[in-house]
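Open the model in a viewer and colour it by chain.

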Amino acid sequence: MDTDTKLKYLRTEKLPHIWCPGCGHGIILGALLKSFDKLGWEKNDIVVVSGIGCSGRTPGYIDANTLHTTHGRALAFATGIKMVNPALHVVVVMGDGDASAIGGNHLIHAARRNIDLTAIVFNNNIYGMTGGQYSPTTPFGAKASTAPYGNIEPNFDLVELAMGAGATYVARATSYHEAILEKYIQNALLHKGFSFIDVYTTCPTQFGRLNKIKSPIDNIFMLRDKAIMKSKAEKMSPEEIKGKVLIGEFRNDKEKREYTELYDEIIRRATKKEM
Amino acid sequence: MSNAKLVQGDIACAMGAIDAGCRFFAGYPITPASDIAEEMSKLLPMVGGKFIQMEDEIASMAAIIGGSLAGAKSMTATSGPGFSLKQENLGFAIMAEIPTVVVNVQRGGPSTGLPTLPSQSDMMQARWGTHGDHEIIAIIPYTVEEVYYETIRAFNLAEMLRTPVILLMDEVIGHMSENFKRPDKSKIEIINRKFPTKTPEEYFPYDENEGLVPPLAPFGKGYRYHVTGLAHDKTGFPSTHEESVKRLMERMRDKILNNRAIIDKCDIRKEGNEEIGIFAYGSSARTSIEAIDNLKEKGIDVALMRPVTIWPFPKEQLLEFAKGLKKIVVPEMNFGQIVGEVKKYLSDDVEIIPLNKYTGRLITPEEIVDKILEG
Ligand SMILES: Cc1ncc(C[n+]2csc(CCOP(=O)(O)OP(=O)(O)O)c2C)c(N)n1
Ligand code: SF4
Ligand SMILES: [Mg+2]
């Protein structure tokens, strides 16, 4: 049943996918496909946009209107699509480097506008595709191919970043906690406004290899061991949550007006003026 | 002229865009192109279209590609530094074959350069600014009226050929006011992109069997397909297969080069008795015309070739123009970007004389006259 559901929205003829064995990206794709099914969305009404990276290959496997753009710019392309046709469900999948380094500017501004897009970051804390260079989310001290002595840059907390920028739905999940991930994706898809999910995931080939987390399964256990529900963390001391990754829903604001709706009001005003 | 009004070049560009059917504009403020964005922000919602001021020029270019894919004729407008920022996504529009119009109101550079002064120094950036081998269409009008009509033509070419089209102006053309009468809608030819005639099951977004320009289905109309900047086959999915890459590259080249009959446009003013010619475009063509009038009074006949479409370069028209001419003066507000092209195609029998100014000042008619008299 689960497999059938995923297959329904999958371009099965495009398989096998390009991802490494043990890569977390496929789990996020699976959760997205199941969410489309749960919501009963029409394939013709779904647009999936990505940037460049291993995560960028995701749309190619989805039987929808799919757009694989340039590195970091997916949200800007998606903004144009949503503006022109607000009836479409526009989902944007990005890598951590994609979304928060080269695309950081687009992320904060899409969030600030509260345009009705769902942004999902496949956050493996590394540049997977280009060979394991450090990203803005690589933890302090972790190894990367461009941080052979350990990363000395403090990392972004993407949840904090999205909230600070004004996103109206913000959550974090992991590709280990699949059921939670699926639930948040559905909530994000249903949310009217800019929704953002930071998905903590694995790249055994680059992050795991460089940080001596040997097998793909150990990488997945790393997610399990590091993640802690936000509700639980609230009852814990700062020492206890140090080095942990908080998961949960951080914001769900239904009050703030959505951008394309506000623009429609401008059109109503401007067309009246013309007459 | 009845009903003619004083109109600025930038405003005429916005009017042309609206009349061409542009319904989405994304931009980022920059002198001397901001007036286009301001006008579009006012006009678009009046016709049910949409305007957005993005966070930068990279995003603006990305947004109009998205808007075009969703089915709206889309445009952005910028100047020098912003034009540089658009280059990566301009290449995406070329590769993915998404119709878009990109306006560059040229100002002096490099870098922030001369924000309020004219220049023609992005002629080569328009040609080769984005990475990778490609053909490109670039148009350079010289009056306010021509800005209006050429903006419409830029949209027509973009939609007809599924490609970005660059409209080059400069600070003088953008900011000057001239008498202009907006024509009746019935008088202008509007060309829309081809919608697929095939069913979604039979449709391929890059199908060579559909000719050099396969129809483009807007997202959301039941044709689910993939778009990527990677080399792709007819389905739109990535392919590095040599034969398929070759076919893609050649089709994208040929759709421009084999359609020159509709792309090319040249204003040639030649009686046949002249021994001297001027090859000039944009603002420099305006002063060239004045110089030609002055020389006529002195009894010297000078011919003019004014390319309106500058890329692809009008090689055949130049060869024809050069017949019988002993020398050709090429005035440009740059170090001599287009004169190199002129030289490339002409034999040594014709003397080619560059006249260059790169100080943000227009080349004056006197300077052109002097150049001709001294030579
Ligand atoms: C403008 C530009 N700069 C650099 C690259 C090279 N590049 C491709 S993917 C990538 C990083 C990918 O990392 P991330 O976004 O985290 O995605 P992942 O591969 O980890 O899913 C980079 C730097 C590019 N394609 N374009
Ligand atoms: S390199 Fe890393 S992110 Fe890319 S497919 Fe392999 S495991 Fe996944
Ligand atoms: Mg990554």
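This is a predicted model: local features need pLDDT of at least 70, side-chain atom pairs count only at pLDDT 80 or more; totals for chains, interfaces and linings use all residues.

Start with the open sheet of nine strands, ordered E7(A)-E8(A)-E5(A)-E6(A)-E4(A)-E3(A)-E1(A)-E2(A)-E10(B), in which the pairing is mixed. Select its edges: E7 (227-229) of chain A and E10 (226-228) of chain B each have a single partner strand, so one side of each lacks a neighbour in the sheet. On average, neighbouring strands are turned by 20 degrees against each other, direction ignored.

Next, select helix H9 (residues 216-226) of chain A, which packs on the sheet and touches E5, E6, E7 and E8 of chain A. Its direction makes about 35 degrees with that of E7(A). Then select helix H4 (residues 80-96) of chain B, which touches E2 of chain A and E10 of chain B, at about 135 degrees to the direction of E10(B).

Now show the aromatic rings, which form 15 pairs over all chains. Select Phe77(A) and Phe92(B): this pair is edge-to-face, 5.1 Å centre to centre with 70 degrees between the planes. The pair crosses between chains, from helix H3 of chain A to helix H4 of chain B. Phe77(A) is buried at 0% relative accessible area, and Phe92(B) is buried at 3%.

Move to Phe313(B) and Tyr345(B), whose ring centres are 5.6 Å apart and whose planes lie at 20 degrees, so the pair is stacked. Phe313(B) is buried at 5% relative accessibility, while Tyr345(B) is partly exposed at 26%.

Finish with two charges over rings: Lys230(A) over Phe250(A), 5.6 Å from the ring centre, and Arg162(B) over Tyr206(B), 4.9 Å from its centre.

Terms used: Residues are numbered from 1 along each chain as its sequence is written. Chains are lettered from A and ligands numbered from 1 in the order in which they are written. Side-chain values use heavy atoms; hydrogens and water are left out. Two strands pair if DSSP finds at least two bridges between them. Helices (H or I, at least four residues) and strands (E, at least two) are DSSP runs, numbered from the N terminus. Axes are lines fitted to C-alpha atoms, for helices over the stretch in contact, and angles run from 0 to 180 degrees between N-to-C directions. Contact means heavy atoms within 4.5 Å. Rings of Phe, Tyr and Trp (its six-membered ring) pair if their centres lie within 6.5 Å; planes under 30 degrees apart count as stacked, over 60 as edge-to-face and the rest as tilted. Buried means under 20% relative accessible area, exposed over 50%, partly exposed in between (1.4 Å probe, protein chains only). A charge sits over a ring if NZ of Lys or CZ of Arg is within 6 Å of the ring centre and within 35 degrees of the ring normal.
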